[in-house]
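Work through the exercises below with the sequence and the model open. Try each task before reading its solution.

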Amino acid sequence: MTFRDDVTRSGGNARKGGGGKGMAMGGGIGGLLLVGLFILLGGDPGQVDDLLGGSTDQSQVESAPGSGFTECKTGADANANDDCRLYYTSFSVNETWASILPAQANIQYVEPTLTIFEGGTNTGCGAASSATGPFYCPSDQNAYFDTSFFQQMEQFGGENAPLAQMYIVAHEYGHHIQNLEGTLGLSDYNNPGEDSNAVKIELQADCYAGVWASYADKGENAMLEPISDAQLDDALTTAAAVGDDNIQKQSGGEVNPESWTHGSSEQRKASFLDGYNTGQMSSCDYLGRNAYQNS
Ligand SMILES: [Zn+2]
């Protein structure tokens, strides 16, 4: 249990999308896996369309932001149901950044949209399928999640546990923060490597997820119960699972730091903890901007 059972939220800026059938896929399990890994936790969604080679059909079912979650009335519902957990996490992350971002970076927070989809969906960055993995699209300021991804996580040694799922949401919202800061575009997947901007941007998103977690269970408006050590372990295990070295190993390849885009397992865990232990964006300043004040 992560959410306080009795918290209630409604409306908001999450929606359900997708339901598209007949997505053109990128060639069998290997292809799907590659696409999933490529985009895992916010790859370069501009290339999703190319990789998937296709368009979604027109039979998309989309709800307007804030609707489509009538079953998610309380924190207890969020504790029991993946869709409700993602929906409630969007409130927790939004509420946290609405206070932190102005205080620590002098930037007004603007909520992104969170889209939960099944099958496939059209995005501002091209067509996405359940093989795409979670990602943030800057052009429509929208974070996209297919909940089937969470089962896929377990194949790489991640935990399909509540705080692990929420970490992934908070990571994608971290990219939204970078978009608001004007730094997201520094990431360049064509120039990977352990010291690359691509890796720094990804590690910073992990750190921002940690900043969120450090606030989410504190204060009278906190939506979360105090985060337990076991829950923290779930998030860290998942952060490690999506490290580039682990993914390279799990995929049967060699560990090659020159091709990293997201950072190693150790780096990803450490970055989450940088944010979690301090609650300060300044702890996540891997780009060396010196643009933050502590609050
Ligand atoms: Zn990312």
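The model is predicted: local features need pLDDT of at least 70, side-chain atom pairs count only at pLDDT 80 or more, and totals for chains, interfaces and linings use all residues. Residues are numbered from 1 along each chain as its sequence is written, and side-chain values use heavy atoms, with hydrogens and water left out.

**Exercise 1.** Find the residues that touch the most other members of the largest nonpolar core.

Solution. A nonpolar core is a set of buried Ala, Val, Leu, Ile, Met, Phe, Trp, Tyr and Cys residues joined through side-chain atoms within 4.5 Å. Buried means under 20% relative accessible area (1.4 Å probe, protein chains only). The largest core has 55 residues, and those touching the most other members are Tyr88, Trp97, Tyr167, Trp212, Leu224, Phe272 and Met281. Helix α4, a DSSP run (H or I, at least four residues), gives the largest share, ten residues.

**Exercise 2.** List contacts of Leu224.

Solution. Contact means heavy atoms within 4.5 Å. Leaving out residues up to four places away in sequence, Leu224 touches Thr2, Phe3, Arg4, Leu163, Met166, Trp212, Ala216 and Asp217.

**Exercise 3.** Which strands pair with β6, and in which sense?

Solution. Strands are DSSP runs (E, at least two residues), and two pair if DSSP finds at least two bridges between them. First, β2 runs parallel to β6, with four bridges; Thr115 stands opposite Tyr144. Next, β5 (residues 135–137) pairs with β6 in the antiparallel sense over three bridges, and Phe135 has Tyr144 as its bridge partner.

Technical notes:
Buried < 20%, exposed > 50% of the residue type's maximum accessible area, 1.4 Å probe, protein only.
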